[in-house]
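I opened the notebook to look up side-chain contacts.

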Amino acid sequence: MTEFSFACTGVRADRYAAGPTLVFRLRVTAADNARVHALALRCQIRIEPARRGYEPAEAEGLADLFGERSRWGSSLQPVQFAQVSVMVPSFTGEIETDLVVPCTYDMEIAATRYLNALTEGEVPLLMLFSGTAFTGDAGFRIEPVPWDREAAFRMPVAAWREMVEQHFPGCGWIRLPRDTMDALLAYRSRRALPSWEATLKALLDASAAADPPASDPFRALTGTTGRTDP
């Protein structure tokens, strides 16, 4: 059986992709300079949060994922990032190829919330490989790529932020249920608001006007006793 090994040598944001996409540069090596006709490869990518340190601001942003920092000894578990496939062309001994990974900026996804909370440094990734190899010098053999093939890689946080800025410059992204979206659309239409930003600002302004200032002791007192303003 042909022995394969894998290494990730870099990553870049794909500026020409229709959606947020990272391109990892992958080096595939076949032992003994073996001839490989093709390689149908699957790759699962995990984030390993326990393999880096965190600034206080980053720890605060990760509290909804992993809880209080005092519990991180047990709660800082791996996070699924992506699962993709790639067809590696014919090579002998070694080849480099691109591993294209479509990403999301959906903040409901754990990996997105984790990456969004980081301000600098690197993201520890673990790539797990499997698949089917078509090999042979004077013939054609089909053999599996064992499930224990893996490669560690530390992705710069800057690469993720560059990708996000290319597609959502200066913006965030939230997902809403359909009925909430319909209610927002009706609110926007009734007031002829020109954009979603204006719609949310109008709602926030209305909410702020309805809430009494927290520092007003008189309002706090009347709020407690149920009295009305004179």
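**Entry 1: ring pairs**

I worked from a predicted model. I looked up the aromatic pairs and found 8. I began with Tyr54 and Tyr114, which pair edge-to-face. I then checked where each ring sits. Tyr54 is in the loop between strand S3 (35-47) and helix H1 (56-61), and Tyr114 is in helix H4 (residues 110-117). The pair therefore ties together parts that are 60 residues apart in sequence.

Next I took Phe66 and Trp72. This pair is also edge-to-face, at 6.2 Å centre to centre and 75° between the planes. Phe66 is buried, with a relative accessible area of 5%. Trp72 is buried at 9%.

I asked which residues the ring pairs link into a cluster. They are Tyr54, Phe66, Trp72 and Tyr114.

**Entry 2: a charge over a ring**

I looked at Trp196. The charged end of Arg188 sits over this ring, 4.9 Å from the ring centre.

**Entry 3: salt bridges**

I counted 14 salt bridges. Arg12 and Asp98 form one of them, with N to O at 3.7 Å. Arg12 belongs to strand S1 (residues 4-13) and Asp98 to strand S6 (residues 94-102). This bridge links distant parts of the chain, 86 residues apart. I checked the exposure of both ends. Arg12 is partly exposed at 44% relative accessibility, and Asp98 is partly exposed at 29%.

I moved on to Arg154 and Glu122. Their closest N and O atoms are 2.9 Å apart in a salt bridge. Arg154 lies in strand S8 (residues 141-156) and Glu122 in strand S7 (residues 122-135). Here the partners are 32 residues apart, and the pair again links distant parts of the chain. Arg154 is partly exposed, at 38%. Glu122 is partly exposed as well, at 36%.

Glu197 is exposed, at 52% relative accessibility.

Key: Residues are numbered from 1 along each chain as its sequence is written. This is a predicted model: local features need pLDDT of at least 70, side-chain atom pairs count only at pLDDT 80 or more; totals for chains, interfaces and linings use all residues. Side-chain values use heavy atoms; hydrogens and water are left out. Rings of Phe, Tyr and Trp (its six-membered ring) pair if their centres lie within 6.5 Å; planes under 30 degrees apart count as stacked, over 60 as edge-to-face and the rest as tilted. Helices (H or I, at least four residues) and strands (E, at least two) are DSSP runs, numbered from the N terminus. Buried means under 20% relative accessible area, exposed over 50%, partly exposed in between (1.4 Å probe, protein chains only). A charge sits over a ring if NZ of Lys or CZ of Arg is within 6 Å of the ring centre and within 35 degrees of the ring normal. A salt bridge is a side-chain nitrogen of Lys or Arg within 4 Å of a carboxyl oxygen of Asp or Glu.
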